[in-house]
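Biologist: Put the model up, please. I'd like to go through some side-chain contacts.

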Amino acid sequence: ELLRNSFGTNIKDISIGNITRTGTSIAFWLNGQPEESALTALKGAEMKPDNVTMLNNIGGILTSSGLGVNAIQVLQYANQQQPGNKMIINNLGMAFLALGDVKKAEQYLLQSISTAIYYPDANLALAYIYNKKGDKGSAIKYVENSLRGAYSIDADHLLMQLKPDAIWMD
């Protein structure tokens with residue numbers, strides 16, 4: 001209702017088949033349609049409350065939309081359903097980071113990379129955390145690990161800020 005009133009987005013404009021596909025909400029997000037993304041993720045999770053991928057997607061979308069406080073319970077439930085899922089744990093870290101709880105965010109992000117050392121998002125967030133703490137060595141380590149996992153402009157810029165003489169390798 002809120003999305004329809006605020007943005008003119010109506011769930012009836014989106015087919016049930018698309019709502020129940022786990023990738024639809026992400027596709028809307030990547031296509032620059034955050035309202036449709038949130039709407040399909042919420043409705044999809046309502047229709048399939050035990051689909052951990054959908055729950056994780058809504059948690060990430062809510063956090064990215066500035067609603068991390070609403071994402072935490074969804075992500076904690078998803079984490080109970082599928083303990084150890086690095087994407088869910090990463091999204092929990094991001095939600096706590098968005099709320100300013102750096103200590104909890106750091107715990108979840110470190111847990112996320114414990115099984116996937118080059119997980120890009122978690123490493124980049126840790127690099128920002130350690131840079132803010134003044135721990136340049138750790139910040140460089142994590143931003144380099146982020147870039148080993150996947151290239152991002154944000155990680156590239158942070159690395160150049162922290163280590164201007166960095167050399168890209170093949």
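Biologist: Which side chain does Glu144 meet in a salt bridge?
Modeller: The side chain of Lys163, at 3.0 Å from N to O. A salt bridge here is a side-chain nitrogen of Lys or Arg within 4 Å of a carboxyl oxygen of Asp or Glu.
Biologist: And where do Glu144 and Lys163 lie?
Modeller: Glu144 is in helix α10 and Lys163 in the segment after α11 (153–162), so this pair ties together parts 19 residues apart in sequence. Helices are DSSP runs (H or I, at least four residues), numbered from the N terminus.
Biologist: What should I know about the model itself?
Modeller: The model is predicted, with pLDDT of at least 70 needed for local features and 80 or more for side-chain atom pairs, while totals for chains, interfaces and linings use all residues. Residues count from 1 along each chain as its sequence is written, and side-chain values use heavy atoms, without hydrogens and water.
Biologist: How many salt bridges does the structure hold?
Modeller: Three. In another, Lys133 meets Glu106 at 2.9 Å, N to O. Lys133 lies in helix α9 and Glu106 in helix α8, so that pair ties together parts 27 residues apart in sequence. Glu106 is buried, at 13% relative accessible area.
Biologist: What about Glu46 and Lys43?
Modeller: Their side chains form a salt bridge at 3.2 Å, N to O. Both are in helix α4 (residues 34–47), three residues apart, or about one turn of the helix. Glu46 is exposed at 55% relative accessible area, whereas Lys43 is partly exposed at 27%.
Biologist: New topic. How many aromatic pairs are there?
Modeller: Two, from a search of the whole structure. The ring centres of Phe96 and Tyr108 are 5.6 Å apart with planes at 5°, so they are stacked. Phe, Tyr and Trp rings (six-membered ring for Trp) pair with centres within 6.5 Å; planes under 30 degrees apart are stacked, over 60 edge-to-face, the rest tilted.
Biologist: Which helices hold Phe96 and Tyr108?
Modeller: Phe96 is in α7 (residues 86–98) and Tyr108 in α8 (residues 102–113), so the pair ties together parts twelve residues apart in sequence. Phe96 and Tyr108 are buried.
Biologist: And the other pair?
Modeller: Tyr130 and Tyr142, with centres 5.4 Å apart and planes at 15°, so also stacked. Tyr130 comes from α9 (residues 120–133) and Tyr142 from α10 (residues 136–149). Both tyrosines, Tyr130 and Tyr142, are buried.

Technical notes: Helices (H or I, at least four residues) and strands (E, at least two) are DSSP runs, numbered from the N terminus. Buried means under 20% relative accessible area, exposed over 50%, partly exposed in between (1.4 Å probe, protein chains only).
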